[in-house]
Amino acid sequence: MNSLTSSTLKKYRFVCLLAPSFASEFDYPDIIYRLRKLGFDQVVELTFGAKMINHVYYEILKESIDKKEEKTWIASPCPTLVNFIRVKYPNLVKNLVPVHSPMGAMSLICKKFYPKHKQVFIGPCITKKLEAGEIGTVDYVLTFKELEEMLEENKIPLKITESKYCITFDKFYNDYTKIYPISGGLSDTLHYDDLLKDKDILVLEGLNDIIKVLDNFKDGCYKNYKFLDILNCKGGCINGPGMIGERSVSERRKRILKYRDNARRYEKDLGRAGKKIIVKDIDFRRKF
Ligand code: SF4
């Protein structure tokens, strides 16, 4: 994958797909201003993509439960773990939920709504570069560290200093999946109550603990669990390798929750709740 330079940003129209962990690193809404000043034409949150894949997770789990399958499904938004399972546990690839990550889902959505724009995913994860290469619709991936360098190089102010730039996200504003980058964020936003009990779900983070679980799968199941909600980084994506890293994980977590709560309280009236109907023709399932 090519690296994105400031001069490339000036040549084409770009849509920025911003990972929800941004709120733990950057101030909102200043970051929207900074991205637009840097040259992004559209800036979207991944939260609508996360909401759409939650629907597909629910459907797949429901189909499996209705068929009385004996199977422990493994969440698949973390490309590091997907690749680890492919290499070390190929027998468990069939347990990965065959659905795009929020990045993949949002990329498909943006292909529909901004077909001529080039896409840049910005987030905390280095392995997303590999995932982007696989799915083929994301043109560039930047980590938050790389974004920070680009903002500094272009002398973009930290705070909003001009009124000519729009300081809200474009089009697909949505709130509750803002907690996706926190460990357990996927299952916490899945609305599974009529399908699964809490005891059917295991939330795990950190490779060492995950290996212990994967080593102990038997006939496609881990104990009586129906679903493993797992992420490679301790604490979740808010502790990814591409974070800038000046805050503790607990501080980052608090910032995400505060951002979610503020959006719920003050931004409901933005009126862009992300309706399923507008993407009903997009297939969010994928193969591993
Ligand atoms: S948990 Fe870590 S490795 Fe996995 S997607 Fe998030 S940042 Fe990337």
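Which residues have the most contacts inside the largest nonpolar core? They are Cys16, Leu17, Leu18, Val44, Met106, Ile122 and Ile230, in a core of 75 residues. A nonpolar core is here a set of buried Ala, Val, Leu, Ile, Met, Phe, Trp, Tyr and Cys residues joined through C-beta atoms within 7 Å. A residue is buried if 20 or more other C-beta atoms lie within 10 Å of its own, exposed if 12 or fewer, and partly exposed in between, with C-beta atoms placed from the backbone. Helix α4, residues 47-66, gives the most to this core, with six residues.

The model is predicted: local features need pLDDT of at least 70, side-chain atom pairs count only at pLDDT 80 or more, and totals for chains, interfaces and linings use all residues. Residues are numbered from 1 along each chain as its sequence is written. Helices (H or I, at least four residues) and strands (E, at least two) are DSSP runs, numbered from the N terminus.

Contact requires C-beta atoms, placed from the backbone, within 7 Å.

Helix α4 also meets helix α6, residues 102-113; their axes come within 8 Å and cross at roughly 105°. The two helices therefore count as roughly perpendicular, a class that covers 65 to 115 degrees, whereas angles under 35 are roughly parallel, over 145 roughly antiparallel and the rest oblique. Axes are lines fitted to C-alpha atoms, for helices over the stretch in contact, and angles run from 0 to 180 degrees between N-to-C directions. Phe48, Gly49, Ala50, Met52 and Ile53 of α4 meet Pro102, Ala105, Met106 and Ile109 of α6.

Thr177 lies in the loop between α8 (144-153) and α9 (185-188). Thr177 counts as buried because it has 26 C-beta neighbours inside 10 Å. Among the residues that Thr177 touches, not counting those up to four places away in sequence, are Thr47, Ala50 and Lys51. The C-alpha atoms of Thr177 and Pro102 are separated by 10.0 Å, although the two residues are 75 residues apart along the chain.

In helix α3, residues 30-38, the buried residues include Ile31, Ile32, Tyr33 and Leu35. The buried residues of α3 pack against β1 (14-18), α2 (22-25), β2 (42-45) and α8. Gly39 follows α3 and has a positive phi, near 135°.

Conventions
Two residues are in contact if their C-beta atoms, placed from the backbone, lie within 7 Å.
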